[in-house]
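Hi there,

Have a look first, and then read on.

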Amino acid sequence: MYDQKQTGKIKSLQIAQAFRVGDVDRVIEVLNATFAGIPNQLWQKENEAFYHALVHLTFSLVGVFVQSEINSANGRLDAKVETEDHIYVLEFKLDQRAEAALEQIKEKAYFDAYRDSPKQKIGIGINFSTERKAVENWLSWRV
């Protein structure tokens, strides 16, 4: 018999494990599967903040340490995820290019505040598509 509780538990383990091992492909895959399960009627006020809130909520509910809207000397990064061995900086765009998001991480030097950390640092530029209601494209950069 299909057990919805078990499926959700597996999904949460998949995201958390993917972050722990640096598997950004899997994070995006599970995130898109989560978005795909949201009924169309709930996608009424789509903007970048709507997607950002969904990502933040998803990550926090699966036990991933996530912080949003972190101010730095050079600007405000959209989100940071931290695990025992990794620091991820995520920048979001809506109906643009993932390249623009990744360029912003580099240009604004969002990793400078974490330079003294021995953790692996990964920047992730994400572009959401309002048409597809998903992560349309993304790029990562290992600092």
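This is a predicted model: local features need pLDDT of at least 70, side-chain atom pairs count only at pLDDT 80 or more; totals for chains, interfaces and linings use all residues.

**Aromatic residues**

Searching the whole structure gives 11 aromatic pairs. One of them joins Phe35 and Tyr51: the ring centres are 6.0 Å apart and the planes stand at 70°, so this pair is edge-to-face. The cut-off behind that label is an angle over 60 degrees. Phe35 and Tyr51 are both buried.

Phe35 has another aromatic partner, Phe128, in a pair that is tilted, with 6.1 Å from centre to centre and 50° between the planes. Since Phe128 sits in strand β4 (residues 120–129) while Phe35 sits in α2, this pair ties together parts 93 residues apart in sequence. Phe128 is buried, as is Phe35. If you want to colour the whole group, one aromatic cluster is formed by Phe35, Trp43, Phe50, Tyr51, Phe92 and Phe128.

**How α2 meets α3**

The axes of α2 and α3 are 11 Å apart, and the two helices pack at an angle of about 110°. That makes the two helices roughly perpendicular to each other. On the α2 side, the residues involved are Val27, Leu31, Thr34 and Phe35; on the α3 side, they are Tyr51, Leu54, Val55, Thr58 and Phe59. Seven of the residues in this contact are nonpolar, two are polar and none is charged.

**The sheet**

Next comes an open sheet of five strands, in the order β1-β2-β3-β4-β5 and with mixed pairing. The edges are held by β1 (65–72) and β5 (134–142); each has a single partner strand, so one side of each has no neighbour in the sheet. Ignoring direction, neighbouring strands in this sheet are turned by 30° against each other on average.

Between β4 and β5 the pairing is antiparallel and runs over eight bridges. To find your way there, look for Ile126, which stands opposite Trp138 in β5. Helix α2 packs on the sheet and touches β3 (86–94), β4 and β5, with its direction at about 160° to that of β5.

**Helix α4**

Which residues of helix α4 (residues 98–107) are buried? They are Ala98, Ala100, Ala101, Leu102, Gln104 and Ile105. Among the elements that cover these buried residues are β3, β4 and β5. After α4 comes Ala109, which has a positive phi, near 50°.

**A loop residue to look at**

Val64 is found in the loop between α3 and β1. Is Val64 buried or exposed? Its relative accessible area is 8%, and buried means under 20%, so Val64 is buried. Apart from neighbours within four places in sequence, Val64 is in contact with Ile15, Ala16, Phe19, Phe59 and Val81. Leu13 lies 51 residues from Val64 along the chain, and their C-alpha atoms are separated by 9.8 Å.

How values were computed:
Residues are numbered from 1 along each chain as its sequence is written. Side-chain values use heavy atoms; hydrogens and water are left out. Rings of Phe, Tyr and Trp (its six-membered ring) pair if their centres lie within 6.5 Å; planes under 30 degrees apart count as stacked, over 60 as edge-to-face and the rest as tilted. Buried means under 20% relative accessible area, exposed over 50%, partly exposed in between (1.4 Å probe, protein chains only). Helices (H or I, at least four residues) and strands (E, at least two) are DSSP runs, numbered from the N terminus. Axes are lines fitted to C-alpha atoms, for helices over the stretch in contact, and angles run from 0 to 180 degrees between N-to-C directions. Angles under 35 degrees count as roughly parallel, over 145 as roughly antiparallel, 65 to 115 as roughly perpendicular and the rest as oblique. Contact means heavy atoms within 4.5 Å. Ala, Val, Leu, Ile, Met, Phe, Trp, Tyr, Cys and Pro count as nonpolar, Asp, Glu, Lys and Arg as charged, and the others, Gly among them, as polar. Two strands pair if DSSP finds at least two bridges between them.
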